[in-house]
Amino acid sequence: MPRLTSAERERAIGRLEAGDTPEAVPATFQCHISTIYRLLQWFVITGSTTDAERSGRPRVTTPRQDRHIFRSHVTHPFRTAAETARTVIGTHQAPISRQTASRRLRFRGLRNCRPARGPVLTVRHRQARLLWAQGHLNWNNVCWQNVLFSDESRFCIDHADGRVRVWRRSGYRYADNCVVENNAWGGHSLMLWGAIGHNQVLGPVIFQGLGPGPGKGVTAQR
């Protein structure tokens, strides 16, 4: 759990003096209830919210550097923590470690995740999808019974897709700058096709070929 700042400690005591219970305060500051109990006990004993001196290694980054680390990964989510660490000179006059950069990012709410993958979408594609969704917003079950949904999956043969990591906040999985765009028809691969509709299932159908796109030297089999 992160330490409370001086302002947060004063606000917490102010809420307790105003009549809030210790159980209601932690949610505001995203801390554990034991932190509030210890703060209250310290305030009763000393009459002050000033944090006690602590032993241990001091922080190697300043608040300004912490903000820089956070902004650099919000702007460039696919930037690695190691790359950021090499560009930040800490208070110990040396580049900070990758673990330090990762801790600063996690403290700010960023998580290191596998990125979502999606097709390459132009502005025209996005507008067409939005118009289609708006046009079918009020369809009922009878209308959807006449619709067939199909999809396909590509399985690479000659190379691995590789693993890429992205630093992002919760709820930003499909943000434009956090999605890896990929061409569904590129490379040597197998395509598996299937479709579903009202009370019916079609496929699967396997398309196998070495051409760069559909329809070039492709054979299909069930």
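Residue I196 is found in strand β6, which spans residues 189-197; strands (E, at least two residues) and helices (H or I, at least four residues) are DSSP runs numbered from the N terminus. The model is predicted, so that local features require pLDDT of at least 70 and side-chain atom pairs count only at pLDDT 80 or more, whereas totals for chains, interfaces and linings use all residues. Residues are numbered from 1 along each chain as its sequence is written, and side-chain values use heavy atoms, with hydrogens and water left out.

Together with F149 and V201, I196 makes a nonpolar surface patch of about 310 Å². Patches consist of residues with over 30% relative accessible area and no salt bridge, like charges being joined within 9 Å and nonpolar side chains (Val, Leu, Ile, Met, Phe, Trp, Tyr) within 5 Å. A salt bridge places a side-chain nitrogen of Lys or Arg within 4 Å of a carboxyl oxygen of Asp or Glu. The accessible surface of the protein chain comes to about 15,800 Å², and carbon and sulfur atoms account for 54% of this surface; areas come from the Shrake-Rupley method with a 1.4 Å probe, and for residues only the protein chains shown count as cover.

The protein chain contains eight helices and eight strands. Of its 222 residues, 24% are buried (under 20% relative accessible area; exposed, over 50%; partly exposed in between; 1.4 Å probe, protein chains only). Among contacts (heavy atoms within 4.5 Å) between residues at least 6 apart in sequence, 63% join residues at least 24 apart.

The largest nonpolar core comprises eleven residues: V60, I69, F70, A81, A85, V88, I96, A101, L105, L110 and W167. Such a core is a set of buried Ala, Val, Leu, Ile, Met, Phe, Trp, Tyr and Cys residues joined through side-chain atoms within 4.5 Å. Two or more of the core residues come from each of α4 (63-75), α5 (81-87) and α6 (98-107). Another core, of nine residues, lies apart from it and includes L4, A12, V25 and F29.

Within α6, the buried residues are T100, A101, S102, R104 and L105, and their cover includes α4, α5, β1 (110-113) and β4 (166-169). With residues up to four places away in sequence not counted, A101 touches I69, A81, A85 and I96. T100, also in α6, has a relative accessible area of 6% and is therefore buried; leaving aside neighbours within four places in sequence, T100 is in contact with V60 and T61. Just after α6, G109 adopts a positive phi of about 95°.
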